[in-house]
Amino acid sequence: MNTFDFLNKENIGKEYKNFILLSIEDVPDYKCKSVFLRHKRTGLEVFHLIKNDHENLFAFAFRTAAKNSKGTAHIIEHSTLCNSEKFPLKEPFTTLAGQSINTFLNAMTYPDKTVYPGASLVRKDYFTMMDVYADCVFFPKLTHDTFIQEGHRLELDAEGNLSIQGVVYNEMKANFTTFYQIANDEILEAMYPDSYPAFSSGGDPAVIPSLTYEDFVAFHKTFYSPDNCCLLLYGDIPTADQLDFIDEKYIGRLEKKFNCTSDLPYAAQTLPYVKPEVKELLKLKKLDKSICLEKTAPDQGATGNLVISAKYTGQPNIEKYFLGEVISGNDSSPLSKAIKESGLCDMPYTGNYGQFKEEFWVLGMAGVKEGKEKKVFALIQKEIERLYKEGVSQEDIDSAVMGIDFNLREENRWWGPYSIQLMEKALKGWVWGDSCTSQLCPITKFEALKKELYADKDYIKKLIKKYFLDPEVECRLIVRPSKSYLEERSKAEAKLIEELGKNVDKELLKKDLDRLHEYQAHVETPEELACIPHSKVEELEKTVDEPKLELKTVKGADGSDIPLFVSHEETNGLFYVDVLFPFDRLSPEHFKHVPFLSNVITNIGWEGKSWDECISESACIMGDVWGRMLAGSVYDVPECKELAKKYEQYNFLGRKWLGVSCKALTDKAKESFDLLARIITKMDFKDSKRLQTLIQELRASKKASLVDNGRDLALKRCTAAWSEGYALAEILWGVTQLYTVSEYKEKNAKKLLKEFEYIYRESLKAGGVIHITADDESLKKLLPLIEEFTKNAGITKLLPSLNYKLEDFLPYVVSAQNAIGDQTKECLMTSSQTGFATAVSKCSPYLTKDAAAEIVYNSWLNTHTFWERFRTTGGCYGAGIYSDAGERCLKLSTWRDPDPQKHADLLISILSELSQTTLSHEDVEKSIVSCYGDAIVPLTPCDRGRQAFETFLYANNGFKQLKLDNLLAVKDEDVSAAAKRLAQMTSEMSHKVVFCDKSKNSYGKKLDLPL
Ligand SMILES: [Zn+2]
């Protein structure tokens, strides 16, 4: 029994199993305590953020950096997770991903570090994951096979043609495809010449092939030592238990491998230790005089030139965040407004580049016409000087304070648990050799800033001077889109292959490749796989937590009962409101405009005031207010239909909604409700100049995200004629919507406003519903205000839907006929170095036992056959299969795919190939466990409320337990039956769509992408 108290300050300097306790700190901003320790022999550092949270997180972090673009850190990140001493499997990571109860499991390469995090709600799985990760990072095999699989190799096809392949190689090729990705790299290269940020940490495909196996092994040796590692921990598992685990399983092995025979001289140093050679590498070189640069980037995603001015601003601090919010936090902020109204560009391009120890500010514009560059620089200079002279308005200051206060209090799960964001902040300090808590006190720092702000009327002026006027060195950069950029890269690649081909001994290469392919084809036996333990179905907690929603009513403006949905969640003094009106009583020809309408709804002004006054007013009162659109349908299964009957009288089920949402501090409840009612009832549709700007921006942002959305666009084309719900989704979010956007012209702004006004007013007339999410304390203040709000907002009884069918929507879907028939193929053409393959077919109905068995089978496919065939050997970054059982639709896809045409067919044929598959009992159990993990991932309070509300509106709430029961009841034979069933269904019908470069021979029916 250990009694070491890690939180007792008297223990600082004392040891626990050779870990010296170096510091104990409060982290009040995140309601944590923290401890920092160092193992005195190996140098391994441990930072534990102790918090009463069952979702524990660990992360192994290593400082890694390079002054070349060979992508070594990235290739190592992939390769360590392929085969290690204790886990001699092809890919321990995928094996683990396919059988553990995790809420996060990944690895990330940053320019200055590589991080391996995992999170779980289950203690046993947490330690299993930590065990596998620790072994992989410190004791990987890093074989030559792994190197050529993950990094790069020459590959020979059946005809003897050579190509370069490799998982990272292909992944990065996709990254080097769009304008803004390359333009951003150019900015970093300009600002930190010859130092590590100037190079691509992910790897430049033109440079990756120069990496040798020897470099690769040496990189691991240099950076992956315990004295360059921080083990970051977060959550409620005691520090002692975690150190015991590391001590028992790893310390002895690490001491042996790294020859740690005595105490380190710096063992008691209280700050993180950075090895001199790493410190040298992490030094940033800055420009010593102003420069002007001109560069090019691919035209994919661009609507004009990028023109920016950048200035160094020193170490990170809250001042810069605040100043940024004041001058460009929202559309009405002075700098954003001046840029948008200048008519020089499609969008502002401003912000603080804060990922490095020395930061810099970028002020600029995107989508600038050729010849207007000088005007851009002049305008920015003039505006900054004007702001310095005239100062900023009190509203701009108040709205920035409100925005930051709100953001710092709101918990989110942008990508994984909130603790991932704390991890990133802690590791920034650690990488630089600062305390891990140095970046973990934004609230405390902001409170101090506010004191200064209120005491000094020139505070903002001083900040403008300090960050924008005083810095002497300025970098001006113009990046121009080039039509031939990608073509030139393809030519260079072809030339490189030819060069490499000259020196290659084809016999020897063939031998290498045969060996690799044989290794990849090896099917691991149960005995081999037994090295990673997994949870058993009978050990799992059988009840699932379902967010609850209360349905009440409130008196409406017409005296009728209006549905009021209330979610009780731990929102920490914040609240969220949705007010929705159905747009499905309009004729379907109007529906295509709803997405843009919902976008501009809170951005064009109300009560006869200008749009910027309105935005500024709302930003002073609320955390945010935005337009909403929600569309779906009630699934055609008995359980949902029955539930729908229960609420039939209210008319709220299965509707298509347009509305307004807001979030605010409960302290501002009264003002927020008043404002929300005014926005809803007094919205103006008059400012056509403002709409012209928004049209420009919409087009530019749709264009910039085209390739990133490729998979989603292709999948929506597959189901364009599938059902009423999917056809509408294609109109609202798919390629059809891109066509709608491409038809929006600035000169038609007036006409469009009329259309918007008509849709908006008609929707309001059709009645409404209200939803509110807040903690119990807040609800006590909020609920008494709702009745008055409902009246003020003019919300009336809901009128019934017109119940449109698929046939009613098809006339509005672009080339709908391409998706009609049993076997269809379509090709979406654009310019891109990467592609996507997608296919859909049928699956079993929602909430049935068959559907559960198919989910388990899909999960197994994702971590086995799909991973092996599409990623490991096919060169795709990823591939997946999942079912949307509510629509009875099975969806299959690959992403960042070098050969989408081939893979679209393979997605379907693979299922026939596997029709006779029988999974071992072990495999079925592991897949169930993995699906269970997905089903219990926690949500933020806001998302819990939102999910409960949205599922309620489509009679799909309260089924989590039934789904879990079905999942846990899946038997081995059910999965075999599922394999047969899916093979049968996919052979009978499928829709396939590929997204690829124009140069590829087209596949099926051709559809050009607009914009
Ligand atoms: Zn990667």
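Analyst: What follows sets values for this structure beside the definitions behind the words. The model is predicted, so local features are taken only at pLDDT of at least 70 and side-chain atom pairs only at pLDDT 80 or more, while totals for chains, interfaces and linings use all residues. Residues are numbered from 1 along each chain as its sequence is written, and side-chain values use heavy atoms, with hydrogens and water left out.

User: Which atoms are called protein donors of the zinc ion?

Analyst: They are His74 (NE2), His78 (NE2), Glu171 (OE) and Glu171 (OE), lying 2.1 to 2.7 Å from the zinc ion. Donors are N, O and S atoms within 2.8 Å of the metal (3.2 Å for Na, K and Ca), and since water is not among the atoms, sites may look incomplete. Along the chain, the donors follow the spacing H-x3-H-x92-E.

User: Why is the site of the zinc ion called irregular?

Analyst: The angles among its four donor atoms are 53 to 152°. Four donors count as tetrahedral if all angles lie between 85 and 135 degrees; four count as square planar and six as octahedral if opposite donors are over 155 degrees apart and all others between 65 and 115; anything else is irregular. The angles of 53 to 152° therefore leave the zinc site in the irregular class.

User: What separates His74 and His78 in helix 1, and are they buried or exposed?

Analyst: His74 and His78 are four residues apart in helix 1 (residues 72-80), which means that about one helical turn separates them. Helices (H or I, at least four residues) and strands (E, at least two) are DSSP runs, numbered from the N terminus. Buried means under 20% relative accessible area, exposed over 50%, and partly exposed in between (1.4 Å probe, protein chains only). With 5% for His74 and 9% for His78, both histidines are buried.

User: What makes helix 26 largely enclosed?

Analyst: Nine of the 10 residues of helix 26 (residues 724-733) are buried, so the rest of the structure largely encloses this helix. Among the buried ones are Tyr726, Leu728 and Ile731. In the chain as a whole, buried residues make up 60% of the 1011 residues.

User: How do you know that Leu564 is buried?

Analyst: Leu564, which has its place in strand 19 (residues 561-568), counts as buried because its relative accessibility is 4%. Its C-alpha atom is separated by 9.0 Å from that of Ile786, 222 residues apart along the chain.

User: Why is the chain called as compact as a globular protein of its length?

Analyst: The chain has 37 helices and 29 strands. Its radius of gyration is 29 Å, close to the 30 Å that the globule rule gives for 1011 residues, and it is therefore as compact as a globular protein of that length. The radius is taken over C-alpha atoms, and the rule is 2.2 Å times the number of residues to the power 0.38.

User: How many cavities of 30 Å³ or more does a search of the whole structure find?

Analyst: The search finds four, and the largest cavity holds about 130 Å³ of space. Of the 14 residues that line the largest cavity, the closest to its centre include Ser309, Lys311 and Leu363. A cavity is a set of points, on a 1 Å grid over the protein atoms alone, where a 1.4 Å probe fits but cannot get out, and lining residues have an atom within 4 Å of a point. Helix 12 gives the largest share of that lining, five residues.

How values were computed
On a 1 Å grid over the protein atoms alone, a cavity is a set of points where a 1.4 Å probe fits but cannot get out, and a pocket is an open set with protein on both sides within 12 Å along at least five of seven lines; lining residues have an atom within 4 Å of a point. Grid points are joined across faces, edges and corners, and a volume is the space filled by probe spheres set on the points.
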